[in-house]
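This report sets out the fold, the nonpolar cores and the backbone geometry of one model. The sequence and coordinates come first.

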Amino acid sequence: MVYNLKKAIWATIIAIIVFGLLVLYSASSQSTRVSQQVFYNQLFFSALGLLAIFFLSRVDYRKYYDFAYLFYGINVFLLIAIFIFGYYALGAKRWIEILGLNFQPSEFMKFSLILALARYFTDHKPKISFYNPWAKPALFSEFIIPFMLTAFPMLLIFKQPDLGTAILVLGIFFVMVFAAGVSARYLACFFGLCVLATPLLWQMMKSYQRDRLMVFLNPNIDPLGAGYTIIQSKIAIGSGQLFGKGWLAGTQNQLNFLPERHTDFIFSVIGEEWGFIGGIAILACFYILIISSLRVVEQTKETFGYLAGVGFVSIFALQIIINIAMVLGLCPIVGITLPFISYGRSSFLVFVLMFGFLINLGKKNKIL
Amino acid sequence: MRLKNLKIIITCLFAVLVLGLGYLQIVHGSYYQSLSVHNCIRIVPVEPNRGRIFDRNGIILADTLVSFDIMVIPQEIKDKEKLFSFLSGVLKMKTKTLLDLYQRRKLASFAPVTVAENVDRDQAIVLEENKFRFPGLLVEVRSKRSYPFGETGAHVLGYVGRVSPERLEQFKNYGYTIEGMTGYSGLEEHYDHFLRGREGGVQIEVNNRGQQVRLLGMKVAAPGQDIGTTLDARIQQFSQNLLAGERGVILVMELDSGEILGMVSSPSFDPNAFLDNASSQRRASYFTNSQAVLLNRAIRGQYPPGSVFKIPLAMAALNTKKLNEHTSFLCNGSYVLGNRVFRCSHVHGVQDFIQAIAHSCNVYFFHAGLIVGPKIIEEYAHLFGLGALTNIDLPYEEKGNIPRSDALRQRRWSKGDTLNLSIGQGDLLVTPIQLLKMMAVVARDGKDVLPSVIKSIGKSQVRREAVLHDISISKSYFDKVKLGLRGAVAEEAGTAHVSSLSDVVVFGKTGTAQTSGGKPHHAWFVGFCPQAKTRIVFCVFLEHGGSSYHAARMASELLKEMKQQEIL
């Protein structure tokens, strides 16, 4: 397939953001539970975000190499600071106020952790690789240290509690280790350990998180409580059928059946009002954006850029997949947003940073 | 190249999403369409009032109080601002807090949202009177459990809480729902089936706007049944006061019927703490406390009985004719077996059978134990109900342990083991309720008894039944042992002389059970009053209470008070 990568990336980003704004407008149009202000806020920082991508794409991505550990350090510091200065909202301590604006440091952790791991593996290239499979692997430097880099912020995030982002952070680790070419044996062992640790995780979870998992297995045990959201979400999406009920015409959406419809559950509004066609369209946009970005990364010769690029694209894809899967009832509900569409400043900004980086990566490597 | 794998994975997962979307929207689209567009049926649950628990004289031990909750029906609100500022004025809460609560709890526009729980009666009346001015406002009368005696006798009563997932799984088919209340431990759990009643519900039809179209049906909640118990609130309260600051148990049972008049385990907990969120800290401390406050020591605590165990041994010795009441042994303060010395509490000199019981002479029972032998001792321990459930109507009773002389795991049974067993030490473990029942059987000349707490359910009297195992031992043997038991209290040198009262005839046996780790001994006093107005059997147990003297003195305080209250 021959197409202009640069145009494809820009076009899909803009399409996704614009489409997202339309959906958010609809989700907040009743202004009973979701204020209209939500839409205007998002409109404002969407515009700002697009501009930011444009400017960030002119910043040499190699600068991030120098700042990678600094970013990581500051971010971990903020995660710790949350426990002291942060405030509660929706039952978790995730937000912190800086210069009068609220931020979720856990969202930014995705960005800084990828940078930090990318730099780490650039400095300490794994000896074993596909090209040299018989080299003696170094467990400590190839696996333990990067794992510690991941585990520390992950635990902090898990404690907030924010199970979704904690899972994503673990996902980042997998992807980065995979991309860096660390021995497949380690990966397999580690995966096994994770599976074995699941009962422990269950012990550590908050009761509402357990409820959500139980409800995933059978939403009908608590149709007015924890199972409510998923049942209503499935009704919303399913009733959209092929063509949808039309913009601003989704009954589930407009009648407040859907909680969290402007954030984690925004895809159910898409499904209801735009139908299968709309759902496929937005999935296609995401897919084109992911594949195009991966092409850019593929052609990058330089390790740091390559690794960070893989990380960014993967986390982007992972979030989309998990978010939509949970809205469809295919996986348990964990608070993960839909990139560029869900309402939320921190979440939006993180992807702005990532795509600024990716576009610059393409430019510097003469791809875009 | 690894990147290629990544692309394949992502592509596959996107394909799964597309399939999932298609499955919901194309395959099942019309089904969900009908759910959302056609009228939907909703059920709003209505909780039943829980039955109350009474003592034997009609005093309320667990009550169901009326509590007023303020609710708001979103779809009926005309002017939200005005309504909430009015509410904040009456309830003396900030408008913003109320609005926040409302926003957070709102589920659907037809479902009432609780904005304030458990408000004062006066406030509820004001709101009720102004209801017509503010459509959507609702004053809901709900029931709330209350335990007027607090910590007193909390273990027998138990407590209530939301259904746990495990129990929901178990009892789903019996109408248990995740929002419902259920009893935990004690009577609340054992008789939950009667106390809980049946949940009702209102079935309504709503349109796709979530608004109620019409009422389809209504199932009235059936209130739970009241339960009458055999307990006496006065005895409970007095036992609680006696045990304040101690760890231990006081049990009182009617001799003839097996009705439990008093059961207090200390330290105790406040069952009211399980009812409101404000006490969650206190509640959590119950589960982590090192004193095991939630443990009902009367039926779940397992301890060595000490010298109280001499009773079944004495019965065994008489009934197997290995000893008779004239058999005497010389006590010089200790018994030497090989190079081990087994001590007695005093130098008793020559003791006959009855004196040995009254003075609790260890040396006498060492001789007796060796003559009778461990197998027969074991058999008689079982005969008197030790090491077995008493089948009292309370959950989670423990069995205790009677060591088996022919089945030791690490080593062979030795004579030393027999000596230890003879005075109720070693691996022998019993619960206080078992000793109480054993003493009752002795007092009743071998007639078995079933301890019970229930007296009536709803309007009907309840009599629990079980297969009873009467012990066929000649009454004359019982009388001889009882002579010893009376001597323990009546004689100047008796071990329980402190509990002798001028106006009540008390029989009893003390026990001081040694414990490992250098902690103070367990103190027992188990006895009965066969000639009182209410014939009773009682058991006082102090965990690490030091000498049995303390238990005997506590028992005398209890009996004195019962006499004063004209119970005895």
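## Overall composition

Of the 568 residues in chain B, 43% are buried, a residue being buried if 20 or more other C-beta atoms lie within 10 Å of its own, exposed if 12 or fewer, and partly exposed in between, with C-beta atoms placed from the backbone. The model is predicted: local features need pLDDT of at least 70, side-chain atom pairs count only at pLDDT 80 or more, and totals for chains, interfaces and linings use all residues. Residues are numbered from 1 along each chain as its sequence is written, while chains are lettered from A and ligands numbered from 1 in the order in which they are written.

Chain B contains 20 helices and 21 strands; these are DSSP runs numbered from the N terminus, helices being H or I of at least four residues and strands E of at least two. In chain A there are 14 helices and 3 strands, and 49% of its 368 residues are buried. Contacts are defined by C-beta atoms, placed from the backbone, that lie within 7 Å. Among the contacts of chain B with a separation of 6 or more, 71% involve residues 24 or more positions apart. The corresponding share in chain A is 71%.

## Nonpolar cores

A nonpolar core is a set of buried Ala, Val, Leu, Ile, Met, Phe, Trp, Tyr and Cys residues joined through C-beta atoms within 7 Å. The largest one has 118 residues, of which B:Leu251, B:Leu436, B:Met439, B:Val537 and B:Ala551 touch the most other members. Helix 18 (residues 432–443) of chain B supplies the largest share of this core, 9 residues. The core lies between domain 1 (44–123 + 141–229) and domain 2 (233–274 + 291–564) of chain B, because both give residues to it; the domain bounds come from an automatic or database domain assignment.

Leaving aside residues up to four places away in sequence, B:Val537 touches B:Met253, B:Leu255, B:Leu436, B:Met439, B:Ala440, B:Ala443 and B:Phe528. A second, separate core has 110 residues, including A:Val177, A:Phe267, A:Ile341 and B:Leu24.

## The five-stranded sheet

In chain B, 5 strands form an open antiparallel sheet in the order 12-11-21-20-19, where two strands pair if DSSP finds at least two bridges between them. Its edge strands, strand 12 and strand 19 (507–513), each pair on one side only. From one strand to the next, the twist averages 5°; axes are lines fitted to C-alpha atoms, for helices over the stretch in contact, and angles run from 0 to 180 degrees between N-to-C directions.

Strand 11 (residues 248–254) and strand 12 of chain B run antiparallel and are joined by 6 bridges. Opposite B:Leu251 stands B:Met263 in strand 12 of chain B. Helix 18 of chain B packs on the sheet and touches strand 11, strand 20 (522–529) and strand 21 of chain B. The direction of helix 18 makes about 150° with that of strand 21.

## Backbone exceptions

Most residues other than glycine have a negative phi, and most peptide bonds are trans. The peptide bond from B:Ser266 to B:Pro267 is cis, with omega near 0°. B:Pro267 is placed in the loop between strand 12 (260–266) and helix 11 (280–288) of chain B.

Two non-glycine residues with positive phi are also found in loops of chain B. B:Lys321, with a phi of about 60°, lies between helix 13 (310–319) and strand 13 (328–331). B:Lys321 counts as exposed because it has 8 C-beta neighbours inside 10 Å. B:His544 has a phi near 50° and is found between strand 21 (536–542) and helix 20 (548–564). With 16 other C-beta atoms within 10 Å, B:His544 is partly exposed.

Terms used
Contact = placed C-beta atoms within 7 Å.
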